[in-house]
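Please read the points below with the model open beside you, and look up each residue as it comes up.

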Amino acid sequence: MDQGAVDTEPAAYAPATDGAPAASPRTPRLGRDLVVIGLICAALLAGVAVGGVFLYRSLYSPTAFVGRYLALLGEGRAADALQVPGVGIDRSELGDASLPRNASDALLRQAALAPLTDVAAVSEVAKDGVVEVTMSYRAGTHRGTSTFLVRQHGWIGVVPSWRFARSPLAVLDLTVHGSMSFQVNGFAIDKRQVSPDGAKADPAADVPLLVFSPGLYSVRVDTAIASSPGVAVLSDAPMKSIRTSVQATPTSAFVKVVQQRVHEFLAQCATQQVLQPTGCPFGYVVDNRIEAPPTWSIAKQPTVALQPDGEGWRIAPAAGTAHIVVDIRSIYDGSLRHVDEDVPFDIAGSIDVGPDGTASIRVTSPDFD
């Protein structure tokens, strides 16, 4: 090589590190983005899970199923409540529960429902394939709780459907004394309408009536003849019998009518100009001969009081006073005696009330009643 020549051979490359490639400035940013995306996905999945649980509890759970049934009752939708799976029953189920098979369904209607409000879930416990759902509520002015048995009844897509494992209906076993007619929550019922014996219904027999549970039922008598205060009955246990009794009392208007009939009856008796008026509770006995037909009047009217007679009414024994004026001729010596005196008497009577509500009143003497 010539002196002064320049060496043109390239110099060797010296790496900055021991063979590792240089780091890209975008790598840390990409990692952070992936972490954020993962957190967002996790949050979305958690939200979906929470939302699913909420939807299940509010729409598809056993508690939600019972809640819908109670909501229907609260809205007065009796016909729709009867269509809820497991509510309607046949007569064999009543017999199996030791309830009367002939219980009437007359009260399973909107007109016989009382308000049901403040419904809230209390508990939900699964046991042996059946779920016990306990709910609280306010029936009218009464607070209560009821437990219902629910079991799965297939699927609706991917969510379960439910039905009552035991019907929430109950039986109001009602006895009404003193009236064939009565009201339940203002709905009028006649025993002959709900009895299997129809017009031949025994007035003293109990009246079994199917009712919704829960439900408040106020029973009272309010007719022209008899009345009673309301008796409130809370049906809070499915497939149970609730026994109650109502005793009616005669209305003041009915007592006045009976009093007037007694007055008319006695006035008619007083028109008979004989010593022993036919069919009447008073008379006068003499051993001699009367000069002229006697004259009767009523000096004191008996005060009428009514008392129960089986499932009807009767006139309680009461005292009155008649007055007779008559001249009596002695058959022994021909002397004449003028009689002007009071004659005490007692009355009683029976009252028959017909199917149309009219009353047949019969006044008699207590000795012949």
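The note that follows goes through a helix, a hairpin and some backbone details, in numbered points.

1. On the basis of the note: this is a predicted model, in which local features need pLDDT of at least 70 and side-chain atom pairs count only at pLDDT 80 or more, while totals for chains, interfaces and linings use all residues. Residues are numbered from 1 along each chain as its sequence is written, and side-chain values use heavy atoms, with hydrogens and water left out.

2. Helix α2 covers residues 62–74, where helices (H or I, at least four residues) and strands (E, at least two) are DSSP runs numbered from the N terminus. The helix has 13 residues and reaches 19 Å from its first C-alpha to its last, close to the 18 Å expected at 1.5 Å a residue; the expected span is 1.5 Å times one less than the number of residues. After α2 comes Gly76, whose phi is positive, near 75 degrees.

3. Several residues of α2 are buried, including Pro62, Phe65, Tyr69 and Leu73; buried means under 20% relative accessible area, exposed over 50%, and partly exposed in between, with a 1.4 Å probe and protein chains only. Thr63 also counts as buried, because its relative accessibility is 16%. If residues up to four places away in sequence are not counted, Thr63 touches Ala121, Glu124, Val133 and Met135, a contact being heavy atoms within 4.5 Å.

4. Strands β3 (residues 142–156) and β4 run antiparallel and are joined by 5 bridges, and two strands pair if DSSP finds at least two bridges between them. Ile156 stands opposite Val159 in β4. The two strands form a hairpin with 2 residues between them, and Gly157 in the turn has a positive phi of about 70 degrees. In strand β4 (residues 159–164), 5 of the 6 residues are buried, so this strand is largely enclosed by the rest of the structure.

5. Asp118 is found in strand β1 (residues 116–127), and with a relative accessible area of 47% it is partly exposed.

6. Asn185 likewise has a positive phi of about 55 degrees without being a glycine. Asn185 is found in the loop between β6 (181–184) and β7 (187–190), and at 22% relative accessibility it counts as partly exposed.

7. Finally, please check the peptide bond between Ser213 and Pro214, which is cis, with omega about 5 degrees. Pro214 has its place in the loop between β8 (207–212) and β9 (215–220).
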